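Here are my notes on the fold, as promised. Have the sequence and model open while you read.

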Amino acid sequence: MKILVTGGLGFIGSHTVVELQSEGFDVVVIDDCSNSSEKVLDGITAITGKTPVFEKIDLKEKNEVSDFFKRHHDIEGVIHFAASKAVGESVQKPLLYYENNIGTLVYILQELSKNTRSNFIFSSSCTVYGQADEMPITENAPVKVAESPYGNTKQMGEEIIADTCNVTTGLNAIALRYFNPMGAHPSAEIGELPLGVPQNLVPFITQTGVGLREELSVYGDDYPTQDGTAVRDYIYVVDLAKAHVIALKRLIENKNKENYEVFNVGTGTGSSVLEVIQSFERVSKKKLNYKIVARRAGDIVSAYADTTKANNELGWKSEYTLDQAMKSAWDWEQKVRNRS
Ligand code: WQD
């Protein structure tokens, strides 16, 4: 069964390709390599013994998208990761984000709408909740006004899919709202490769641990949380990848209850920044060099998932602990630095 993974050379995309191939799916990857490298294909092959078909396509080119689907009319499902995802950059370059994240989604949905049945998994984000009023956050929590164009593209993306599913009987879609993805494949063949200075906490921690960064700045310790630092739900990328395969199978096997469904994908546990630092120190047996600085503009206090729906409906639950995920991130960082 042939599955298209857009953005399949990216962090979460590549881990999902590994899980798909491990389950016997034939995978076609589209990536424009603007924020990833073709070398990731070697890592996927090293892990699964299979190399996915790869096509370097700019999904902003409508004709290229339709040509692709003409050449691959036997695609049974699409997992759509391809998007720009840097919150800060999106504030500076909103039109780049709206073109890349929305335009490409529209072109893909236009192609899928031509089929009698299509199965579509969308990469969404807990960002749509903003600062939710209640913890843990359920899928019924209100979507709040986005704090960034990036977050807005996730909200708009979900609405575009819902509206299209409403009028396109053959289109079945699931949006997965990720919390904070982290870690790397246990083989250390693939992992997170942020370009430039990492914005996210975990890669900054591991780069500090390996000596690439002087010290970590902890953005605020005056939040109303257990230790004053902000709380997030750090989900191991392999757990997250498995959720995509389970969601795709739900659609392929026609087990979805509505033609558009939404699931939170997190561990259900909140961890503060200091707790993540302590996790790193436990697994690396190294002291992390950090200092407390002012809060980062736009940050929310706390976000962690109510995973009841994913557990009961999808039959998916995260299996790895924060320390296991952190160990995989640390192993990956050390391997990448030894390589460069
Ligand atoms: C986590 C915590 C920071 C860096 C973002 C996107 C979200 C999703 C996940 C895509 C916060 C603190 C961070 C640092 C720090 N991405 N921190 N020092 O902001 O929760 O979510 O990534 O879907 O859409 O918004 O993740 O890793 O940037 O921050 O103290 O150098 O770590 O303040 O409390 P965030 P993050």
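1. Ala175 has Val262 in S11 as its bridge partner. Strand S6 (residues 171–178) and S11 run parallel here, paired over six bridges; pairing takes at least two bridges found by DSSP. Helices (H or I, at least four residues) and strands (E, at least two) are DSSP runs, numbered from the N terminus.

2. Before going on: this is a predicted model, where local features need pLDDT of at least 70, side-chain atom pairs count only at pLDDT 80 or more, and totals for chains, interfaces and linings use all residues. Residues are numbered from 1 along each chain as its sequence is written, and side-chain values use heavy atoms, leaving out hydrogens and water.

3. What is the order of the seven strands in the open sheet? Reading across, S3-S2-S1-S4-S5-S6-S11, with parallel pairing. Strand S3 (53–55) and strand S11 (260–265) are the edges with a single partner strand each, so one side of each has no neighbour in the sheet.

4. Helix H6 (residues 149–167) packs on this sheet and touches strand S5 (118–125), S6 and S11. The direction of H6 makes about 155 degrees with that of S5 (angles run from 0 to 180 degrees between N-to-C directions, with axes fitted to C-alpha atoms, for helices over the stretch in contact).

5. Helix H1 (residues 11–22) packs against helix H2 (residues 40–48) at about 30 degrees, with the axes 10 Å apart. H1 and H2 are therefore roughly parallel (angles under 35 degrees). Contact (heavy atoms within 4.5 Å) involves Ser14, Val17, Val18, Gln21 and Ser22 of H1 and Val40, Ile44, Ile47 and Thr48 of H2.

How values were computed. Angles under 35 degrees count as roughly parallel, over 145 as roughly antiparallel, 65 to 115 as roughly perpendicular and the rest as oblique.
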